Amino acid sequence: MEGAARIRILYLTSSDNSPIEAAEGVLPFQHTIEIPGLLPEDEVRLRHSVDALSFLMKGSREAEAQAAVSLQAMVVSAGKAELIRGAEETEFPVGERSAQPSMVGLTLTAKDTLWDIAKRYHTTIEQIRKTNRLESDTAAAGMKLLVLKQLPEQL
């Protein structure tokens, strides 16, 4: 990875006529990231940040600049995996589910997902999103939801 940091500094001088001066420059950098097993079809996403900058005046018109740059690389590889190893069909206990409340208010915990809530209350993620005007399937701890139960004939 190659890049450059554009640097602008203000510094104090000993001159009464011009007590503050400005300078700018470019600080180039280069770093090699080795990723074992990387394939040509893999997608690499890089994130960078400047963690620290330091300057040292070396003279009246010369400064030394140093930067600590962090680089993070994430590799996304396509692959195949067996996700479903079996399925079982069971009779839906309509009588038992009819006794449950038809509407529930929830305050989510960090472990909650919309999928788990939909399963527990016999509804769908889409219905939870529609009822609560959610733009995504993301659930956050502390979020308050209204869940409407749906029986099989409503699904």
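Modeller: The largest nonpolar core has twelve residues in all: Val104, Leu106, Leu108, Leu114, Ile117, Ala118, Tyr121, Ile125, Ile128, Leu134, Leu145 and Val147. Such a core is a set of buried Ala, Val, Leu, Ile, Met, Phe, Trp, Tyr and Cys residues joined through side-chain atoms within 4.5 Å; buried means under 20% relative accessible area, exposed means over 50%, and partly exposed lies in between, with a 1.4 Å probe and protein chains only. The model is a predicted one, in which local features need pLDDT of at least 70 and side-chain atom pairs count only at pLDDT 80 or more, while totals for chains, interfaces and linings use all residues. Residues are numbered from 1 along each chain as its sequence is written, and side-chain values use heavy atoms, with hydrogens and water left out.

Strand S5 (103–107), H2, H3 and S6 each supply at least two residues of the core. H2 gives the largest share, three residues. Helices (H or I, at least four residues) and strands (E, at least two) are DSSP runs, numbered from the N terminus. In soluble globular proteins, nonpolar side chains tend to be buried together.

Apart from its neighbours within four places in sequence, isoleucine 117 is in contact with Leu106, Leu108, Asp112, Ile128, Leu145 and Val147, where contact means heavy atoms within 4.5 Å.

What are the buried residues of H3? They are Ile125, Gln127, Ile128 and Asn132. Viewed down the axis of H3, these buried residues fall within an arc of 165°, so they line one face of the helix; the arc is that of the directions from the helix axis to the C-beta atoms. An α-helix has 3.6 residues a turn, so residues three or four places apart point the same way. The buried residues of H3 pack against H2 and S6, while Glu126 and Lys130 are exposed on the other side of H3.

Histidine 122 lies in the loop between helix H2 (114–120) and helix H3 (125–132). This histidine has a positive phi of about 55°, although it is not a glycine, and its relative accessibility of 14% is why it counts as buried. Arginine 133 follows H3 and also has a positive phi, near 55°. Arginine 133 belongs to the loop between H3 and strand S6 (144–148) and is exposed, its relative accessible area being 77%. Most residues other than glycine have a negative phi.

Of its 155 residues, 16% count as buried. Among contacts with a separation of 6 or more, 53% come from residues 24 or more positions apart. The chain exposes about 12,600 Å², of which carbon and sulfur atoms supply 52%; accessible areas come from the Shrake-Rupley method with a 1.4 Å probe, and for residues only the protein chains shown count as cover.

Charged pairs complete the account. A salt bridge is a side-chain nitrogen of Lys or Arg within 4 Å of a carboxyl oxygen of Asp or Glu, and by this rule the count comes to six. One of them joins the side chains of glutamate 24 and arginine 6, at 3.3 Å from N to O. Glutamate 24 lies in strand S2 and arginine 6 in strand S1 (residues 2–12), so this pair ties together parts that are 18 residues apart in sequence; both residues are exposed. Another links lysine 58 with glutamate 64 (3.4 Å, N to O). Lysine 58 is partly exposed at 49% relative accessible area, and glutamate 64 is partly exposed at 30%. Glutamate 82 and arginine 85 form a further bridge, with their closest N and O atoms 3.6 Å apart, and each of the two is exposed.
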